[in-house]
Each structure stands twice: as structure tokens, then as C-alpha cells.
Amino acid sequence: MDWYKEFYAGEGIAAKKNWIKWKILHHAGLPGIYVVTLSSNPQNLLDIIPSWELMQGYYPKSGLLAVGVDKGYENAMELAGMIVMDVYQKTGTFQVREYFLEKHRENTRRRHRWK
């Protein structure tokens, strides 16, 4: 699972977003925390996944790009709506997947510059 460099976080957990990311990456339990990812189904825009589900060894994490995190399912749904509207305001389209994948590629290329 990859994380978008400037991933979104709900108001209540914005100050702890990097700590929460670390806990999720290290398979620590975070009850009530939900991760917003690009949808595994190209027909949809985003998925909202409970963090405890990502702890399961069988869960298919490869290919996931996390773009947001929030506490509580309702808050995560609001955050997902905010993400979609933010992409629409920036691009004029609802091509959320393409927007984040392109931004993620740009960020990845910047980190791996050869000297």
C-alpha cells in the first residue's frame, strides 16, 4: 500500500495524521480509524476501508493508494466527498483516480532523482 504524499486527514486527527499512517503501516490496531483509498474497482471513485481490515494478512493491499484518513465512518464519508470536490475544483472533472495517480507519479519521480 502506498500513501499519497499530501494525504487528507479529518479535522479531529489532522495533527496526528503521520502517527496514524505509521501505526497503519506497522499493523497496529486503530479502532474507529478509516482509510480512504482509490477504488479497487475502476467504476468507482474511492473506497473507505476500516484500518483494522488492513491488519489482516489476506487483505489485498498491493495497488492501494491511500489518499485520506479520518476517525469514524461518517467523517470518512465526508472526507471522501471533500476529496472528490477538491479534485473537481482543480480539474473540472471527476477523474479522481487519474488525478491522484499522476500526482503520485510526480512525487515519486522527484524523490528518485539521479545526481
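A residue is called buried here when its relative accessible area is under 20%, exposed when that area is over 50%, and partly exposed in between, with a 1.4 Å probe and protein chains only. By that definition, four of the five residues of strand S3 (residues 46-50) are buried, so this strand is largely enclosed by the rest of the structure. The structure is a predicted model, in which local features need pLDDT of at least 70 and side-chain atom pairs count only at pLDDT 80 or more, while totals for chains, interfaces and linings use all residues. Residues are numbered from 1 along each chain as its sequence is written, and side-chain values use heavy atoms, with hydrogens and water left out.

**Overall fold and dimensions**

- The protein has four helices and four strands, where helices (H or I, at least four residues) and strands (E, at least two) are DSSP runs numbered from the N terminus.
- Read from the N terminus, these elements follow the order β-α-β-β-α-β-α-α.
- The radius of gyration is 14 Å, close to the 13 Å that the globule rule gives for 115 residues, so the protein is as compact as a globular protein of that length; the radius is taken over C-alpha atoms, and the rule is 2.2 Å times the number of residues to the power 0.38.
- Along the principal axes, the C-alpha atoms fill a box of roughly 35 × 35 × 30 Å.
- Of the contacts with a separation of 6 or more, 61% are accounted for by residues 24 or more positions apart, a contact being heavy atoms within 4.5 Å.

**Surface and charge**

- Of the 115 residues, 39% count as buried.
- The protein exposes about 7,400 Å², of which carbon and sulfur atoms supply 52%; the areas come from the Shrake-Rupley method with a 1.4 Å probe, and for residues only the protein chains shown count as cover.
- There are 16 positive and 12 negative side chains, and the centres of the two sets lie 10 Å apart; Lys and Arg count as positive and Asp and Glu as negative, without His or the chain ends, and each charge is placed at NZ of Lys, CZ of Arg, CG of Asp or CD of Glu.

**Strands S2 and S3**

- Strand S2 (residues 33-38) runs antiparallel to S3 and is joined to it by five bridges, where pairing requires that DSSP finds at least two bridges between two strands.
- Tyr34 stands opposite Pro50 in S3.
- Thr37 lies in strand S2 and is buried, with a relative accessible area of 0%.
- Leaving aside neighbours within four places in sequence, the contacts of Thr37 include Leu46, Asp47 and Ile49, as well as Leu64 and Val67.

**Helices and a loop**

- Lys21, in helix H1, is partly exposed at a relative accessible area of 25%, and beyond its neighbours within four places in sequence it is in contact with Trp3 and Phe7.
- The C-alpha atoms of Lys21 and Trp3 are separated by 8.4 Å, although these residues are 18 apart along the chain.
- His27 lies in the loop between helix H1 (17-25) and S2, and its phi is near 60 degrees, a positive value in a residue other than glycine.
- Most residues other than glycine have a negative phi.
- Met85, in helix H3 (residues 73-91), counts as partly exposed at 41% relative accessibility.
- His104 lies in helix H4 (residues 96-111) and is buried, with a relative accessible area of 12%; leaving aside neighbours within four places in sequence, His104 is in contact with Asp2, Trp3, Tyr4 and Leu65.
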